[in-house]
Amino acid sequence: MALMKIFFTLLIVMSVLQSASHGAVYKVGDSAGWTIIGNVDYKAWASPKNFHVGDTIIFEYNEKFHNVMRVTHGMYRACNTSAPLEIYASGNDSINITNHGHHFFICGVPGHCQAGQKVDVNVPRPNNKNVTQEAASTAPTPSSSSSALASSFPPAHAPAPSKAPPSATIIGLVPFFLTPLLLIAGYSTA
């Protein structure tokens, strides 16, 4: 019976950790998708969003009439399609954001970029100074029984969970789920 509890608890913990490890998914243009029809303002679409490394950007469009080109900032501003960094043309392109900074996309069909079919997906870098100060101000003080152990490790300067990327958030969740698992298994955490 105890082994069954451990198994199910472990299964639940793994499910929670896996679901937390995936970034957000954004469909460019929401229900309108990637198009020039309907006067979609892609700048207005992107501006309220908080993009992070690990997020996925999906471009849905009719591949007979559109494509997606990842371009440089200069190419984005000029709607220059001559030398894109990447070209997507499936009609359902899923692009994983793997780094901070601006990610510029345009439609390469003549006239579409000029008509507004372009988007700047900005993934800001975390403000390390504010994150470090916030983490230090909210860090718990080690108890007398754990101070010897704590002093043997360098201080952690991890961002607060609300500002952490999904992978850092998972690491923060491990002790939360591991303690009940150990208690169920009969181990003492004291």
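User: In what sense do strand β1 (residues 25–27) and β2 pair, and over how many bridges?

Analyst: First, a heads-up: this is a predicted model, where local features need pLDDT of at least 70, side-chain atom pairs count only at pLDDT 80 or more, and totals for chains, interfaces and linings use all residues. Residues are numbered from 1 along each chain as its sequence is written, and side-chain values use heavy atoms, leaving out hydrogens and water. Strands here are DSSP E runs of at least two residues, numbered from the N terminus, and two of them pair if DSSP finds at least two bridges between them. Tyr-26 stands opposite Ile-57 in β2, and the β1–β2 pairing is parallel, over 3 bridges.

User: And which residue in β5 is the bridge partner of Thr-56?

Analyst: β2 and strand β5 (residues 92–96) run antiparallel, joined by 5 bridges. Glu-60 has Asn-92 as its partner in β5, while Thr-56 gets Asn-96.

User: What is the strand order in the open sheet?

Analyst: β1 and β5 are the edge strands, each pairing on one side only. Pairing in this open sheet of 3 strands is mixed, and the order is β1-β2-β5.

User: Why is strand β2 (residues 56–60) largely enclosed by the rest of the structure?

Analyst: Think burial, meaning under 20% relative accessible area with a 1.4 Å probe, protein chains only. β2 is largely enclosed because of its buried residues: 4 of the 5.

User: Which residues does Val-28 contact, leaving aside its neighbours within four places in sequence?

Analyst: Contact means heavy atoms within 4.5 Å. On that basis, Val-28 touches Gly-33, Trp-34, Tyr-42, Trp-45, Ile-57, Ile-58, Phe-59 and Val-119.

How values were computed: Buried < 20%, exposed > 50% of the residue type's maximum accessible area, 1.4 Å probe, protein only.
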